[in-house]
Structures are given as C-alpha cells and as structure tokens.
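Hi,

Here is the model I promised to send over.

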Amino acid sequence: MSSAAIDFARQNQPRFLEELKALLRIPSISTLPDHNADTRHAAEILAAEMKRIGLKNVRLIETTHGGQAGHPLVYGEWLHAVGKPTVLCYGHYDVQPPDPLDEWLTPPFEPTERNGNLYARGAVDDKGQMYMHLKALESLFESGKGKLPLNVRVILEGEEEVGGEGIAAFVREHPEELKADFALVSDTEMFAPDLPTLCVGLRGMIYTEIEVRGAKTDLHSGMYGGAAPNPFVALAQIIAGLKDREGKILIPGFYDDVEVPSAEEKAAWKRLPFDEEHYREKEVGSPVLTGEAGHSVLERTWARPTLDVHGMPGGFTGAGAKTVIPARATAKVSMRLVPGMTPKKSFAQYMSFVESLTPKGVTVEVRMIHSGDPIVVGTDNPYVTAAKGAMREVFGKETVFVRGGGSIPIVGDFERHLKIPTVMMGFGLPDDNLHAPNEKFHIANFYRGIESVIRMFERLGG
Ligand code: BES
Ligand code: MN
Ligand code: MN
C-alpha cells in the first residue's frame, strides 16, 4: 500500500502525536461548568488547526439547549471535488471527568507514552480518534497540492458525553448545512487487537434522576428516627424493585418492542474471537458476570436493554459518621435501549413504575436528563465497501461487523434528519479504559486509523 498521502502521514507521525498531546492537555470536561473555558479553548484550537490544514468556511457554531448556552460545534468544509461523494466527518472533543484521580498512574491531562500506548483522558474517546480524521485530511491536502479526492464536511461537538443535544438541534434545524452522502464516525472500538472492525449498531439511552423527598428538613436521627420517613431507604426500595436478582428489568412492558437480532447476525457474533473467561477476569475483573439468563455476553451488551445506577448523591457522605435523616435523596439511573425501543415510551413506562414502587411518607420526582435513540446501520453501501477495502490494506485482514453497547446519540439523527448512512470505523481497543482511570490509545492504532481514513477517501474519490 502506498500513496503520497500515506507517505506524508508516515513521515509526520511524531509531529501528529505531539499535536494530539497538546490537545489532550486541555481538560475539556463538558459536564463540569468549571471547565467551560477549557472546553471552548479546545474548540478554538481545533478550528485553528482545521483552517491551517486547508479546510474552508471554518467556524464555531454556538449551541443552546433548555435556554442555556452549550459548548460550541466546530465546522469546516472543502467542497471542490466535482462529481465526487461528500463525507461528513464527525467527532467529539469533550471528555468525561477524570475521577478517581488517585487511580491514574500518570495525571489524566499530562499525556504520557508507556508501552506503545498514549495515556490521557480523551486519548481514545474521542480526541485521538477525532484527530485521526484531521491528520488524514492534512495528509491528503498536502499530497494533493491543496485538493482532496472527495468533498468533506467536518463537524465536531463538545457535548457528546452529556447527551449531545446541541448538535441534535443543529442537525434538525439546518440539515442542508451538513448535506453529505455518508457520515464517518471514529468513536468505537475494534473487537480485538489487529482485527479491523466496523460497528453497525449502538444502543440508545435514557439518563434519569430520581429525587425522593421526606421530611421538610434534615433531622436528628435519634430524636426522629422511628417516626420520620427516610428518603434513602425509600430510594433503595424503589431501585431494588426495578430489577430482579437474575438481571431482568421489571418495568411492565419494557421488553415489548425489543427487536431480536437476525439469526444471521447472531451466528456471526458466535464466530467472533470472544473469550468469556478472559473478558470476565481481565476486562471486568469480577468473580462472575451478571445479567439476563439465556443471552450471551455479546447479546447482553449489544442487543438487550439494561438499567444501571450511577450514583446516589445526597445525605452524609463525608469521612466519619453523622447521625442525620436526610430530607432528600437522589439517584442517577440510566437505561440502555435497543432497536425497537424509543426513549419516549420507555421513559413513560419507567416513570409510572417508579411511582408505583414509592413507599408511603415520601414523594418522588423523576426527571429525564438526556436521551438518545438506538440505531442499526446498513452495511450494503459503497462507503462500507471502501472502509473494508482500506482496512484490508492497512491491517491485512478482513473486517468484522460488531455492535457497540455504548451510545453516540447523533448517529440516529444523521440517519433521520440527514437521511444518510453512517460508517462507524473505530480504532479503540477493548482494554482502553474509556471513562475510567488510565484511559489510553494504542499509538499504532492512531497511525493505522489515519492511514485507513486516507485510503478510504482515496478509494471513494478514485
Ligand atoms: N464513544 C462512546 C460510545 C461508545 C463506546 C460506543 C464504545 C461504542 C463502543 C461515547 O463517547 C460515549 O461514551 N457515549 C456515552 C453517551 C451518553 C452520555 C449519551 C455513553 O455511551 O455513555
Ligand atoms: Mn466517544
Ligand atoms: Mn465517551
């Protein structure tokens, strides 16, 4: 495999990596308001880079949701490849909070190379993968004397990790500004090291908060314990009622619309190189795996809905002891949805079930924080063919199709509002520690990702 663009990318690998490190030093944590300026700084750096490499009409697009200012989108384009297809490159520059900090071997915002990996928050999710697109475009611009083999629009968001409502509104309201033939998203994983992978399905989600209120104020638990309702106990009872001990979600009707993957797809999953014991011990690190009986791990994580609790803020959580009956208790509860399910219907079913589980003496409020639809994308299109061909050149292997258990809310909107297919070509690895301490990106995959994007675009333009 060779092309002038590939040669350029290979010669510039050290510089590309240093630039990525600079981006990773910016703590663009979208969910923490204290980091709003950092998040904007990341957007500005990316806009400057997009201009520098040759994209046109580069700008920040401000977003709002629920009346509040959001983090900006970054847009750029190059549309002078007459008669060639147009790709919409998508990525996100926001990252998850880095805590627990003391579990990082090196600080999350001081990118560090170790054993062929680059460790930093956002290394693989998604700054490193998003940056592959820009470096592939730079290589194509450089080798093509300022021209690209196909038309390109780039849209980057800074709110993916908090639900992506800003970009969703933009896609809904301005579909013509993102007009393209297909979208390219690099924000997923490879099934195994060296195994080129396209992700063809993602779960949707509803992220909620349950708030339980008891007494009008916090109370001394000795003076009032025995008479006053305890919202944490009530909340624990509600949560315990949502799922049985075998992992089945008890919300009435919750599974009614679940679409079962085809026999063909399930058979293909069985052929994937999956070692359940290795997964349990090395990836999860728990004595047993839990979840619904009668479904394989891949089915449970890709094609079955789930319900999880992320935290229960409120009450006394400091060191030591405080004898208090808190007046309020909250829980962050999310559900992953699979094709067939809709956030609206699932939320309604969940809300009325939570109400029915609420014990006497307390009141409950259920709030939706964000939601996104599940999605399955088609594989019978020239863009998937080009991606497979490109990865065959780079990895020397045939591509496998998988689904992902995670969510990228905008992918469903690309299909619904732009009416285009998405190719999810990701280069993360199963042990990259997304959202966890010691997130990393395998540096070889950063380079292979750049080369795969270059060859994919050259094939589509050729
Ligand atoms: N890149 C992930 C999603 C992902 C990870 C898909 C691995 C497939 C395989 C993305 O950044 C993410 O974490 N999304 C959130 C979305 C949510 C906050 C709406 C998620 O899945 O929790
Ligand atoms: Mn991501
Ligand atoms: Mn993420």
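Before the rest, some housekeeping. This is a predicted model, so local features need pLDDT of at least 70 and side-chain atom pairs count only at pLDDT 80 or more, while totals for chains, interfaces and linings use all residues. Residues are numbered from 1 along each chain as its sequence is written, chains are lettered from A and ligands numbered from 1 in the order in which they are written, and side-chain values use heavy atoms, with hydrogens and water left out.

Now the overall build. The chain has 14 helices and 20 strands (DSSP runs, H or I of at least four residues for helices and E of at least two for strands, numbered from the N terminus). Along the principal axes, the C-alpha atoms fill a box of roughly 80 × 50 × 45 Å. Buried residues make up 56% of the 462 in the chain; buried means under 20% relative accessible area, exposed over 50%, and partly exposed in between (1.4 Å probe, protein chains only).

What sits inside? The largest nonpolar core has 67 residues, and Val423, Met425, Phe446, Met456 and Phe457 touch the most other members. Helix α14 (residues 443–461) gives the largest share of this core, 9 residues. A second, separate core of 36 residues includes Ile155, Trp269, Leu272 and Val411. By nonpolar core I mean a set of buried Ala, Val, Leu, Ile, Met, Phe, Trp, Tyr and Cys residues joined through side-chain atoms within 4.5 Å.

- Cys89 is in strand β5 (residues 86–92) and counts as buried because its relative accessibility is 1%. Not counting residues up to four places away in sequence, Cys89 touches His133, Val152, Arg153, Val154, Ile155, Leu184 and Phe457 (contact means heavy atoms within 4.5 Å). Val185 is 96 residues from Cys89 in sequence, yet 6.3 Å away in space, C-alpha to C-alpha.
- Pro252 lies in the loop between α7 (231–242) and α8 (263–270), and with 53% relative accessibility Pro252 counts as exposed. Neighbours within four places in sequence aside, Pro252 is in contact with Gln349 and Phe353.

Cheers
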